[in-house]
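Please read them alongside the sequence and the coordinates.

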Amino acid sequence: MRLPGESVTFTVTRRAAAALMPHRFVRLKAGDPEQIQLCGSNESALGIVGFEIETGSEATIKCGGHLIVEAGTIIVAGDEIICGVSGTAIKRGTSATTRYNVLGRALCGASIGQWFILAFGPYTVFGANAS
Amino acid sequence: MAAKFLAKSVRHRFSRKASEALTELRLVKINGADNEKVDMCDTANDVPCGIVEFGAAADKEAVIMDDGHLPLVAGSGGFSAGDEIVSDNAGKGVVRGSTATTRYNVIGRALTDAAENEIGIVDYRPYTTFGGNAS
């Protein structure tokens, strides 16, 4: 399938606290919001980096629009997306007691390691109503 | 009816081919079999990807708005300013329900009132939420 077009509406720049891989989610470094690092599982992301970035270099972070991101699991269009390991994108879980930091919805499907388009729009939600 | 502020302000648009005829100012979703196409939202609480700006015939390219203060046709019961809006079974905007165990695919909050089949303005910023806490 053709990858639908990326459309970036907002960017910021921050210095990379560690090496960054392209098309992965990044977050502000704890204790130093002037730097960024790759997101861990279900962490709240600032945005997505588009290029490989060396430690200490300034990185452009895409924070709005329809953004390319790398799939860490099989993705189906419409899935609510959260961050997996090392900044990859995975489908949110269904644990009733977990608050998921959703980062938007997939606009197309993807296999593991493929890129897909995410309609970036963060919010939080529990996986289910436990009652 | 209270005064309306029909100031449309679109921050983002994109285009996809219509898999079927699309009715303007209604909610559309990604086609499950071909993610390069869009369909009308056709089940209650569907997962929209935006609002189609102009009507489009099948196989024609359609313009979809998915950020900003966007016009949307109201469904049964209409909506009021401040309401959380979801899709009905025809891509119209209706007020989300309050079933505790249902996850509602909210597309944003209404900025104006609108009676059924009138056009209202919605602050489009999607999220999901349960209808209540059942505990």
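1. In β7(A), K91(A) is the bridge partner of I81(A), strands being DSSP runs of E of at least two residues, numbered from the N terminus. Pairing of β6(A) with β7(A) is antiparallel and extends over 3 bridges, where two strands pair if DSSP finds at least two bridges between them. The two strands make a hairpin with 5 residues between them, and S86(A) in the turn has a positive phi of about 55°.

2. This is a predicted model, in which local features need pLDDT of at least 70 and side-chain atom pairs count only at pLDDT 80 or more, whereas totals for chains, interfaces and linings use all residues. Residues are numbered from 1 along each chain as its sequence is written, chains are lettered from A and ligands numbered from 1 in the order in which they are written, and side-chain values use heavy atoms, with hydrogens and water left out.

3. β6(A) also runs antiparallel to β8(A), to which 2 bridges join it, and I81(A) stands opposite G104(A) there. Both faces of β6(A) are covered, since E80(A) and I82(A) on one side and I81(A) and C83(A) on the other are all buried (under 20% relative accessible area, with exposed over 50% and partly exposed in between, for a 1.4 Å probe and protein chains only).

4. T88(A) is found in the loop between β6 and β7 (89–91) of chain A, and with a relative accessible area of 8% T88(A) is buried. A polar atom of the T88(A) side chain lies 2.9 Å from the backbone oxygen of V85(A). Beyond its neighbours within four places in sequence, T88(A) is in contact (heavy atoms within 4.5 Å) with residues including R24(A), F25(A), E70(A) and I82(A).

5. V8(A), in strand β1 (residues 7–16) of chain A, counts as partly exposed at 39% relative accessibility. Not counting residues up to four places away in sequence, V8(A) touches K62(A), G64(A) and L67(A); the C-alpha atoms of V8(A) and K62(A), 54 residues apart along the chain, are separated by 6.6 Å.

Terms used:
Helix = DSSP H or I, 4+ residues; strand = E, 2+ residues; numbered from the N terminus. Polar contact = N/O pair within 3.5 Å; in protein donor to acceptor, adjacent residues only side chain to side chain.
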